[in-house]
Amino acid sequence: MKPVLVLHGPNLNLLGLREPEVYGRLTLEEIDRRLVEAGRELGLDVSTAQFNSEGGLIDALHQARLWAKGVVFNPGGYTHTSVALRDAVSSISLPVIEVHLSNVQAREEFRRISLIAPVCVGSISGFGWRSYWLALHALGQVIEGK
Ligand code: DQA
């Protein structure tokens, strides 16, 4: 089993309660449970973490360098603002896939810009919790070099 990190950014701890018409009704705990299960079928040992602070996310990315083969990352609102997170992603030399539950291209103008996307292998957006599920499948293939 290949160890991978699924990392969630700010406000995602409130999933299920927060704007369910945009982000769905599943809680973060339920999404994580589904991803751990999906990982087992893909040969991926999925660990999950959520931080509201940029520092927490940066530390988690730095740590991942030491144990993970890749990262599925939803940077939340920091997607559109954080040079520090972008630098963290490009510093760790691990494949990182950016995900968003909502289709960020179809929302407000400011969400169309991602500072993180250019340093990721790719981005998946708009499929609800399945954005993470699709990203895990993609990450498995990237790790295998397929
Ligand atoms: C989000 C999209 C971001 O624009 C927003 O700030 C979030 C969630 C998503 O998963 O759709 O917090 O990353």
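**Loops and ligand**

Mentor: Ser-93 is exposed, with a relative accessible area of 71%; exposed means over 50%, buried under 20%, and partly exposed in between (1.4 Å probe, protein chains only). The model is predicted: local features need pLDDT of at least 70, side-chain atom pairs count only at pLDDT 80 or more, and totals for chains, interfaces and linings use all residues. Residues are numbered from 1 along each chain as its sequence is written, and side-chain values use heavy atoms, leaving out hydrogens and water.

Trainee: Where is Ser-93 found?

Mentor: Ser-93 is in the loop between H4 and strand E4 (96-100). Helices (H or I, at least four residues) and strands (E, at least two) are DSSP runs, numbered from the N terminus. Ser-93 has a positive phi of about 40°, although it is not a glycine.

Trainee: What does the side chain of Ser-82 reach?

Mentor: The side chain of Ser-82 reaches the backbone nitrogen of Leu-85 at 2.9 Å, and that of Ala-84 at 3.5 Å.

Trainee: Changing topic, where is Lys-69?

Mentor: Lys-69 is in the loop between helix H3 (54-67) and E3, and is partly exposed at 44% relative accessible area. In sequence, Lys-69 and Gly-140 are 71 residues apart; in space, their C-alpha atoms are 9.3 Å apart.

Trainee: Now the ligand. Which residues are around it?

Mentor: Among them are Arg-18, Tyr-23, Asn-74, His-80, Val-104 and Arg-111, each with a heavy atom within 4 Å of the ligand. His-100, Leu-101 and Ser-102 are also around the ligand.

Trainee: How far is Ser-102 from an oxygen atom of the ligand?

Mentor: A polar side-chain atom of Ser-102 lies 2.6 Å from a ligand oxygen atom. For His-100, a polar side-chain atom lies 2.8 Å from an oxygen atom of the ligand.

Trainee: Which atom of Leu-101 lies 2.8 Å from an oxygen atom of the ligand?

Mentor: For Leu-101 it is a backbone N or O atom, at 2.8 Å from an oxygen atom of the ligand.

Notes:
A polar contact is a pair of N or O atoms within 3.5 Å; within protein, one must be able to donate a hydrogen and the other to accept it, and residues adjacent in sequence count only if both atoms are side-chain atoms.
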